[in-house]
Amino acid sequence: MTTLYEIEQSILDCIDMETGEIIDKQRLDELNLDKERKLENVALWVKNLNSDIEDYKAEKQIFEKKIKATNDKIEWLKNYLTNSLNGSKFKTARVSVSYRNSERVVVEDATQLPATFISFEPKIDKRSLKEALKNGENLAGAYLEQCSNIQIR
């Protein structure tokens with residue numbers, strides 16, 4: 001397959017550079033048609049690629065919805081296991097279910113918190129807030145909650 005660069009070089013070969021006279025008119029016409037076809041094909045390729053991008057974006061949205069639905073299903077199944085096991089460990093040859101204790105900060109009313117715990121409006125700096133609560137500070141609008149998170153291996 002001839003490249004656009006090669007076609008343009010061949011077009012130049014059909015012209016006498018000293019006089020500007022066309023040496024081979026028929027060959028020049030053929031090359032100009034080849035160049036036109038090549039340019040059209042490149043332009044069509046760009047159109048196809050743009051169409052592909054739109055298809056990929058649509059496919060991405062479909063997969064994002066599938067990911068969200070799958071994550072929701074995982075959370076539902078974890079809650080189901082947690083409720084069924086009632087905090088007990090469960091182990092078979094293929095799966096092990098256990099629990100790890102953790103703490104999370106629950107903010108009931110962000111407007112009552114001192115500004116030092118709010119990193120951006122209205123984002124709350126939960127890490128600093130957790131440290132303050134752990135250090136015994138009594139803050140209106142937030143408290144530490146004990147959690148039991150399921151682990152499946």
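**Reading salt bridges and a helix face**

User: At 24% relative accessibility, does glutamate 103 count as buried, partly exposed or exposed?

Analyst: Buried means under 20% relative accessible area, exposed over 50%, and partly exposed in between (1.4 Å probe, protein chains only); glutamate 103, at 24%, therefore counts as partly exposed. This is a predicted model, in which local features need pLDDT of at least 70 and side-chain atom pairs count only at pLDDT 80 or more, while totals for chains, interfaces and linings use all residues. Residues are numbered from 1 along each chain as its sequence is written, and side-chain values use heavy atoms, with hydrogens and water left out.

User: With which residue does glutamate 103 form a salt bridge?

Analyst: A salt bridge is a side-chain nitrogen of Lys or Arg within 4 Å of a carboxyl oxygen of Asp or Glu. Here the partner of glutamate 103 is lysine 134, with the closest N and O atoms 3.3 Å apart. Because glutamate 103 lies in strand β2 (residues 96-107) and lysine 134 in helix α3, the pair ties together parts that are 31 residues apart in sequence; helices (H or I, at least four residues) and strands (E, at least two) are DSSP runs, numbered from the N terminus. Lysine 134 is exposed, at 53% relative accessible area.

User: Which residues of helix α3 are buried, and where do they fall around its axis?

Analyst: In α3 (residues 126-134), the buried residues are Leu129, Ala132 and Leu133. Seen down the axis, they fall within an arc of 100 degrees (taken from the directions from the helix axis to the C-beta atoms), so they line one face of the helix. On the other side of α3, Arg127 and Lys134 are exposed.
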